[in-house]
Amino acid sequence: MQRPPDSPEPEAAGAVRYASPAGRWVLLAVVLGSGMAMLDGTVVNIALPTIGRELHEQFAGLQWTVNAYTLTLAGFLLLGGSLGDRLGRRRVFVVGVAWFAIASALCGAAPTAGTLIAARALQGVGAALLVPGSLAIIEATFRPQDRAPAVGAWSGLGGVATAIGPLLGGWLVGFSWRYVFFINLPLAAVVIWVALRHVPESRDRSVTGRLDVAGPVLAAVGLAGLTWALTEGPAQGWTAAGVLVPGIAGVAALGGLLAVERSAAQPMLPLPIFGSRQFSAANVVTFVIYAALSGGLFLLPIQLQRVLGFSPLAAGAALVPLTIVMLLLSARAGRLAQRTGPRLPMT
């Protein structure tokens, strides 16, 4: 996709200041784009009981409405980052936003639960293209001294999008559960317009050779197999063939992923980076924090509705304090990390 001919030339990559109009435009694009994907990860949760009732699907079966999205997102996330390095980060980001919007329209129009699950898997692919691109755009666009507060704002405001999902979902379900997906269409249009006009293009000129396709395929298969086993194990029994075979296949695929990434000339996931103790520790802490946040935001709205009898809107409103705290402190936490290092704020 090309920038409209009448649009102003954006500032050069690597030279944008955080506290400038250009910086605010870039943040608007990446925060709204990645926030749209993160929002969709939680806004659907509160609509699941209504979706199951209208599509005549048991609630247990609708777990795959969530799983299909997260699996393709996780499986192809690193591929999205690699494509951005090669083809242009803004270009892949915009394609991901457009892909996400089209898949959202398919979700909203889905006549059956199976169709909805398939469309959710497509949505996850679009998210895998835009989410890594949003962070890479920040790293490539802002001045080195402005990257920490920009990343802090991106992370915190993205968390706000995740937290506000149940409230927004509860309100939209009052009209129709399909609006939970259709709301992405105007948001995507805004992101694409802002990105094409105000975000400079950037790519990694040092990346050469063949694209590592086997890596993301093995990652997707491995995660799908393990997720299937963990989801179906309590119902079928952990020794059932329908649980053991996918679980073993998932472990084998993830083992194959490590072998492929170790021998690939241009690996999607360079394993030596985990030799950095700071990098590995930061990723472990981030994983645990987001696992807690995502798990809580999945389970709590369901508990409030199904056990305590809250309406969808009331269940979503119960999470508003979390949203307010994240909104107020996200950018400040980034500045604190820049002054003190990341260890103290993360701890």
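**Close-up 1. Burial of Ser82 in the predicted model.** In this predicted model, Ser82 has a relative accessible area of 16% and is therefore classed as buried, the cut-off for that class being under 20%. The residue belongs to helix α4, which covers residues 77-87. When neighbours within four places in sequence are left aside, the residues in contact with Ser82 are Leu211 and Met268.

**Close-up 2. Helix α10 and its kink at Leu230.** Helix α10 runs over residues 214-236, and its 23 residues reach 31 Å from the first C-alpha to the last, which is close to the 33 Å expected at 1.5 Å a residue. A kink of about 25° lies at Leu230, shortly before the proline Pro234. Just after the helix, Gly237 takes a positive phi of about 100°.

**Close-up 3. The buried residues of α10 and what covers them.** Among the buried residues of α10 are the glycines Gly215, Gly222, Gly225 and Gly233, together with Ala219, Ala220 and Ala229. Pro216, Thr227, Thr231 and Glu232 are likewise buried in this helix. The cover over these buried residues includes α3, spanning residues 63-75, as well as α4 and α11, the latter spanning residues 241-263. Helix α4, part of that cover, is also the helix in which Ser82 is found.

**Close-up 4. The second largest pocket, between its lining residues.** The second largest pocket holds about 220 Å³ of space, and its lining is made up of 13 residues. Leu32, Gly35, Leu39, Ala161 and Ile164 are the lining residues that lie nearest the centre of this pocket. Two helices, α1 (residues 21-43) and α7 (residues 147-173), each supply at least two residues of the lining, and α1 gives the most, with seven residues. Sorted by class, the lining comprises 12 nonpolar residues and one polar residue, with no charged residues.

**Close-up 5. Gln266 in the loop between α11 and α12.** Gln266 is found in the loop that joins α11 to α12, the latter helix spanning residues 277-307. With a relative accessible area of 32%, Gln266 is classed as partly exposed, because this value falls between the limits of 20% for buried and 50% for exposed residues. Although Gln266 and Asp212 are 54 residues apart along the chain, their C-alpha atoms are separated by 6.7 Å.

Terms used
Residues are numbered from 1 along each chain as its sequence is written. This is a predicted model: local features need pLDDT of at least 70, side-chain atom pairs count only at pLDDT 80 or more; totals for chains, interfaces and linings use all residues. Side-chain values use heavy atoms; hydrogens and water are left out. Helices (H or I, at least four residues) and strands (E, at least two) are DSSP runs, numbered from the N terminus. Buried means under 20% relative accessible area, exposed over 50%, partly exposed in between (1.4 Å probe, protein chains only). Contact means heavy atoms within 4.5 Å. The expected span of a helix is 1.5 Å times one less than its number of residues. The bend at a residue is the angle between axes fitted to the seven residues ending there and the seven starting there. On a 1 Å grid over the protein atoms alone, a cavity is a set of points where a 1.4 Å probe fits but cannot get out, and a pocket is an open set with protein on both sides within 12 Å along at least five of seven lines; lining residues have an atom within 4 Å of a point. Grid points are joined across faces, edges and corners, and a volume is the space filled by probe spheres set on the points. Ala, Val, Leu, Ile, Met, Phe, Trp, Tyr, Cys and Pro count as nonpolar, Asp, Glu, Lys and Arg as charged, and the others, Gly among them, as polar.
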